[in-house]
2 protein chains.
Amino acid sequence: MSRFKSEYFTMKEKDALEYAATELDFFPKDTKLSCSEIGDGNLNYVFKVVDSKTGKSLIIKQAGPCARIDENIKVSPDRNRIENDILRIQYKLSEGLVPEVYKYDEVMNCCVMEDLSDYVILRKALIEHKKFPNFAEHITDFLVKTLLLTSDIVINHKEKKSLVKNFINPELCEITEDLVYTEPFYNCARNDVFEPTRAFAEKELWNNEELLLETAKLKFEFLTNAQALLHGDLHTGSIFIKEDSTKVIDPEFAFFGPAGYDIGNVIANLVFAYENAEATIENRDSKEDYKNYLEDTIVKVIDLFTYKFNKAYDENVKERVATYKGFKEYYLDSIIRDTSAVVGLELVRRILGMAHVKDITSIEDVDKRARVEKICLLAGKNFILNRAVIKTAKDFIEVVKTAESIGF
Amino acid sequence: MSRFKSEYFTMKEKDALEYAATELDFFPKDTKLSCSEIGDGNLNYVFKVVDSKTGKSLIIKQAGPCARIDENIKVSPDRNRIENDILRIQYKLSEGLVPEVYKYDEVMNCCVMEDLSDYVILRKALIEHKKFPNFAEHITDFLVKTLLLTSDIVINHKEKKSLVKNFINPELCEITEDLVYTEPFYNCARNDVFEPTRAFAEKELWNNEELLLETAKLKFEFLTNAQALLHGDLHTGSIFIKEDSTKVIDPEFAFFGPAGYDIGNVIANLVFAYENAEATIENRDSKEDYKNYLEDTIVKVIDLFTYKFNKAYDENVKERVATYKGFKEYYLDSIIRDTSAVVGLELVRRILGMAHVKDITSIEDVDKRARVEKICLLAGKNFILNRAVIKTAKDFIEVVKTAESIGF
């Protein structure tokens, strides 16, 4: 029997190469393969195997028996299974907007998948002020298909309940509950506040009882509303992109939650790129050009989402009561309202909370960074407080521009 | 080894007696026991074992390998486990307001529990126009403790998610989704409509687009809002009562859903008793007296629930954001709004849907029955449509009395 079929062991490059040659049907029998370990994460070993003749390649991602940075941290192998299950579901629903999984191996606790080495991380590319004219088209396909098609509008309710059960995700949801919905809204020890921003945060957010009440309502929505199978961490660092293709990665936060959570994360992270451009592009025309591109992208994300959602709803609705007059509009309205709220939460938590974004932290000029941080906080507050009346792409852009127009 | 420990077999009376004598520590060793099978359900065998000397007794409830009325229907033994798990949770939370479970036996697939033979079913007693002055006190204890203490207000969020997972209940939720939220609101073949009521239902409900839209919103709330561990079927037929004690039974519909669902079911079924009194008590003083008792009970259910909820909230709240100013009031408000909606749904579905209530079907006079059916439908419609402004006990009573005052 193959040595890969009996018992788990942590692979080295030569093992991964042999695995690719003997356990998979991916490469021709007599070709010459090379293999290198390219992982830089904390948990997994990532092997890239290339056919030197054709250039065809794949990735083998193996979970270690413990975290590779600290042998004392035991890692649940279940995490790999969940990621594999989610990727297959999202791949099918979104018709290819996540990496394809070729094989999942329970013994070796590894996953063989599409190689995305020719893609770049969207956040990094946006900080370098690159443009991707097809991104809004792709990401709205992903959002509409993964969210609407896993909701009770479309899916059989019993089938959905078994999916809900499979993807109950207590540990990773707790991270979001704490880091997004709770800690950024008070002077929590785990927060990481840029000193020039602190006084503004205290005055405008931490002492604002009206705002705090709204965050509590939103946290309970997040805790209880099993609306759709979310990606759960859909920021621009979870998106691989090249000119003609977009791939959403790292779905380990996936669970059934409010659909607006994913959409709001996408938009908020585009706002961070927009404020990065505001603070870092010196040339006035270049700045205007790049900010226009991002504004256009945000507008398209909202407009295309709305258009495709309406179309997909009409084509796929299975639930009788969801065809009642007025329900589609009510349902979409509630998703857009949740989206606005999550844009606000993400804008605030990435400025005040524990986990920051490079778009902002890479701004070297202290005053400029402080200014755009305050813009994000003010816009964030308004996205939360005024979510009931923020409905169109124009409304979303208006919130950001109004915050920018204040002379901080 | 005991013959009860090796393999499942369906018990007869003599087996259950031996089981009680040898497998349990409940009775003294040398006493004289008697046993009779008292089940009249479709699924389970129910043995009552009595100590002739002391009168002490218990119940052994065994699931058959298939439904006892039809050998072809295979019954999942898991159902017994779930009922057992839920009863133990509810017993602990409510401090004894459900039957005590002494033992659950996985091999024999049976459950040994408190004997409630000296209790009566509340619905039957209300139809006989009996009074239970402590009922509102007991049932509001049950509601506040089982609902609030299983919500994210109090319970650790990770622990709650594992409970949600344990009690995902697709088959029985589907029954509610269909029979409560969908079928009663159109001319569905499975409905069972009393002919003199049909024209009213068509005009006031089935052709009312505004109402239909609200039922769709409510159905999606029921499908997605995992707020608290519900009983899920808390009508007056699921309540055993005697003068000084109340026991809630049959929790097989339990799952995490909107808290108002249980409260609304209790109130709607008190309204059915109220309309039964309206239609069947001839003597004017007796009728007024009994209706006053029921009105008083409904008022107490709402007022005591509100009072105890506020108290238990302050004493038990663990979630930081749930202590923000205004959140408790917002949260209770949303529960009362959901309660009003469910009162309405239950009033409608028991008149038009597949499963009726004896309070109404036992009214022999056709005209009187038709009149109170229309009262229930009209009140039901208003409980749904006006749920945002139905807040106090007085508001709830007002809806019923207004419907009664219309000269049908």
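## Interface of chains A and B

In this predicted model, the contact (heavy atoms within 4.5 Å) takes 40 residues from chain A and 40 residues from chain B. The two chains bury about 3700 Å² between them. Here buried area is the accessible area (1.4 Å probe) that two parts lose on being put together, summed over both. Carbon and sulfur atoms account for 69% of it. In chain A, the residues that lose the most area to chain B are A:K161, A:F220 and A:Y324. Together they make up 17% of what that side buries.

## Polar and charged pairs

Eight salt bridges cross the interface of chain A and chain B. The rule asks for a side-chain nitrogen of Lys or Arg within 4 Å of a carboxyl oxygen of Asp or Glu. One of the pairs is B:K219 with A:E319, at 2.9 Å, N to O. Between chain A and chain B, eight residue pairs are in polar contact, both residues at pLDDT 80 or more. A polar contact is a pair of N or O atoms within 3.5 Å; within protein, one must be able to donate a hydrogen and the other to accept it, and residues adjacent in sequence count only if both atoms are side-chain atoms.

## Chain A side of the contact

Four elements of chain A give two or more residues to the side that touches chain B: α5 (157–166), α6 (170–179), α8 (209–224) and α11 (327–352). Helices (H or I, at least four residues) and strands (E, at least two) are DSSP runs, numbered from the N terminus. α8(A) gives the most, with ten residues. The residues of this side divide into 19 nonpolar, seven polar and 14 charged. Ala, Val, Leu, Ile, Met, Phe, Trp, Tyr, Cys and Pro count as nonpolar, Asp, Glu, Lys and Arg as charged, and the others, Gly among them, as polar.

## Sheet in chain A

Three strands of chain A form an open antiparallel sheet in the order β6-β8-β9. β6 (120–121) and β9 (245–248) of chain A are at the edges with a single partner strand each, so one side of each has no neighbour in the sheet. Pairing requires at least two DSSP bridges between two strands. β8(A) and β9(A) pair over four bridges. There, A:F240 has A:K247 as its bridge partner.

## Strands in chain B

β6(B) and β8(B) pair in the antiparallel sense over two bridges. B:I121 has B:F240 as its bridge partner. A hairpin joins β8(B) to β9(B) through two residues.

## Conventions

Residues are numbered from 1 along each chain as its sequence is written, chains are lettered from A and ligands numbered from 1 in the order in which they are written, and side-chain values use heavy atoms, with hydrogens and water left out. Local features need pLDDT of at least 70, side-chain atom pairs count only at pLDDT 80 or more, and totals for chains, interfaces and linings use all residues.
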